[in-house]
Amino acid sequence: SEYESKPATFNSDRTCAAHRSPCAANQWQSTPATALQDRECTALTTCTAMQWQLERPTTTSDRKCRAHTTCSSAQWEFRDGNYLYDRECHDCTTCDSFSQYETAAATATSDRECAPLTICSKGEWENVAPTASSDRTCGAHTVCASSEWMSVRASVYNDRVCKRLTTCSQLEWEREPPTATSNRECRSTTTCTAAEWEEQGPSATRDRVCRALTVCEGAEYEI
């Protein structure tokens, strides 16, 4: 197989030359062999360690390389890149701040893991609030004893507060009995003065009743 390396002139013959041998395995034919030109071979591109082969070479086309994708700070590497494949990046999972917390932080090669937040049941309250990376902690509501009254009602976010019922002393009487949400009210028992007499004695729930002594007039005497 030959090509015209030098054309004929008025006074000279054309010159022919043999085409180069087919390109080597590490080359591709960048210029085809024709009747008027020789084939040209060019060294195949070699992808670097930071690249992957986007298109395989052929006898008449070069290898095409492309830089590996770089995962962003909001992504993690699902599959590492190699000579034949690009790196595959996935978006990091975002935990729902209202219903989830993070159990495992995202790394360069692993996704973030989320778990559902504990929901306090009826009869419980949130004694430790959740954070982005910790669960909610629930505790059972305190139950007031028969000797206590509830000074603060229980809710989802606070415990019930119980206080000991006041006990009236021997010198007091119970003006208001206790309820589940109010304390007993005690009052000092009335003491009759020297000018009074006890019409009705006191009890646990009743005060002493005193009445003024009758004053004898000049025409009267004390029986």
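Start by selecting Trp76, which counts as buried at 13% relative accessibility (buried means under 20% relative accessible area, exposed over 50%, partly exposed in between, with a 1.4 Å probe and protein chains only). You are looking at a predicted model, where local features need pLDDT of at least 70, side-chain atom pairs count only at pLDDT 80 or more, and totals for chains, interfaces and linings use all residues. Residues are numbered from 1 along each chain as its sequence is written, and side-chain values use heavy atoms, leaving out hydrogens and water.

A search of the whole structure finds one aromatic pair. Trp76 and Phe78 form that pair, edge-to-face, at 5.8 Å centre to centre and 80 degrees between the planes (rings of Phe, Tyr and Trp, the latter by its six-membered ring, pair if their centres lie within 6.5 Å; planes under 30 degrees apart are stacked, over 60 edge-to-face, the rest tilted).

Next, select Glu77 and Arg87. Their closest N and O atoms are 2.7 Å apart in a salt bridge (a side-chain nitrogen of Lys or Arg within 4 Å of a carboxyl oxygen of Asp or Glu). Glu77 is buried at 17%, while Arg87 is partly exposed at 23%.

Finally, move to Arg184 and Glu174, another salt bridge, with the closest N and O atoms 2.5 Å apart. Here Arg184 is partly exposed at 22% and Glu174 is buried at 16%. By this rule, the count comes to 12 salt bridges.
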